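I opened my notebook to look up a few things in this structure. Here is what I wrote down, entry by entry.

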Amino acid sequence: MRNALVTAALVVLLALIADVKRPAAQFAPNPPWAPQQLAPTIAPPAPPVETGEKARTVTHRSAKTHTRHKAVRPPPNPRQVAEKSGYKRVSDLVNFPKFFPGLGVIFVKPDTLPLGPFLCFDRRDRLIATVYMVPIKDIDDHKSLEAAGDARASAGPVDHVSFYFNPGHPGVDMPHYHVVLWHVTKQQEARVAK
């Protein structure tokens, strides 16, 4: 008898402590058995229209409620954003091809030379890479380098990084290293290979 009383007391105590809500009510904010609120499908009757001596109510059974749809605008063209931020096409500044195989169409702010950032676009104006050209002399002198880039123009997630030597080219004549921050995958680099 005593064991039965202890067991009953434990069951009552557990019932008071335990969360006894139905599991579906804990997870679903609007359970399927709850009444649904539906929007009205017929517009309210129109106000009376005066026609001489009598007033009448005009109702239209086929009236529908109208909803406005917001236009989805495409994202801004990154090349145009860069040009508005002061970036110039490298081929307009020095004797350099308009499309450079491997890097694409390259833009830079003239006052940031030689370090950059240089913004590289494919033929469809998609930002594919950001390049910094670090002179070997600055590396040998153990210089700390900071590149001030325009976040609106050069922002983009980095997929991978390339680092390689270049003996010099028009615009950056001294020997330097290219630090290329790729914003596309290695497979998508082929978009600028030719």
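**Entry: Asp159.** I began with Asp159, which I found in the loop between H6 and S7. The model is a predicted one, so I kept that in mind for every entry. Is Asp159 buried, partly exposed or exposed? Its relative accessibility is 44%, so I put it down as partly exposed. Next I looked up what it touches. Leaving aside neighbours within four places in sequence, Asp159 is in contact with Trp182, His183, Val184, Thr185 and Lys186. I also noted a polar contact of 2.8 Å between the side chains of Asp159 and His160.

**Entry: from Asp159 to Ile128.** I then checked a distance. Asp159 and Ile128 are 31 residues apart in sequence, and their C-alpha atoms are 10.0 Å apart in space. Not counting residues up to four places away in sequence, Ile128 has a list of partners that includes Leu103, Cys120, Leu181, Trp182 and Val192. Trp182 and His183 are on that list as well, and both also touch Asp159.

**Entry: the core.** How many residues does the largest nonpolar core have? I wrote down 24. Ile128 is one of those with the most contacts inside it, and so are Leu103, Ile106, Phe118, Cys120, Val131 and Trp182. Which strands supply at least two residues each? They are S4, S5, S6 and S8. S6 gives the most, with five residues. A reminder to myself: in soluble globular proteins, nonpolar side chains tend to be buried together.

**Entry: aromatic pairs.** My search of the whole structure turned up four aromatic pairs. In one of them, the ring centres of Phe96 and Phe100 are 5.3 Å apart and the planes are at 25 degrees, so I call the pair stacked; the cut-off is under 30 degrees. Phe96 has 14% relative accessibility, so it counts as buried. Phe100, at 32%, counts as partly exposed.

Phe163 and Tyr177 form a stacked pair too, 4.9 Å centre to centre with 0 degrees between the planes. Where do these two residues lie? Phe163 is in strand S7 (residues 160–166) and Tyr177 in strand S8 (residues 176–182), 14 residues apart, so the pair links distant parts of the chain. Phe163 counts as exposed because its relative accessibility is 54%. Tyr177 is at 26%, so it counts as partly exposed. Ring pairs also bring in Phe165, giving a cluster of Phe163, Phe165 and Tyr177.

**Entry: a charge over a ring.** I looked at Arg123 and found its charged end over the ring of Phe99, 3.7 Å from the ring centre.

**Entry: the backbone.** A rule to remember here: most residues other than glycine have a negative phi, and most peptide bonds are trans. I went looking for exceptions. Leu113 and Pro114 are joined by a cis peptide bond, with omega about 0 degrees. Pro114 is in the loop between strand S4 (105–108) and strand S5 (118–121).

Asp125 has a positive phi, near 65 degrees, and is found in the loop between S5 and strand S6 (127–135). Its relative accessibility is 18%, so I marked Asp125 as buried. His142 also has a positive phi, near 55 degrees. I found His142 in the loop between helix H5 (136–140) and helix H6 (151–154). Is His142 buried or exposed? With a relative accessible area of 72%, His142 is exposed.

How values were computed
Residues numbered from 1 in each chain as written. Predicted model: local features only at pLDDT ≥ 70, side-chain atom pairs only at ≥ 80, totals over all residues. Heavy atoms only, no water. Phe/Tyr/Trp six-rings, centres within 6.5 Å; stacked < 30°, edge-to-face > 60°. Buried < 20%, exposed > 50% of the residue type's maximum accessible area, 1.4 Å probe, protein only. Helix = DSSP H or I, 4+ residues; strand = E, 2+ residues; numbered from the N terminus. Lys NZ or Arg CZ within 6 Å of the ring centre and 35° of its normal. Core = buried A, V, L, I, M, F, W, Y, C linked by side-chain atoms within 4.5 Å. Contact = heavy atoms within 4.5 Å. Polar contact = N/O pair within 3.5 Å; in protein donor to acceptor, adjacent residues only side chain to side chain.
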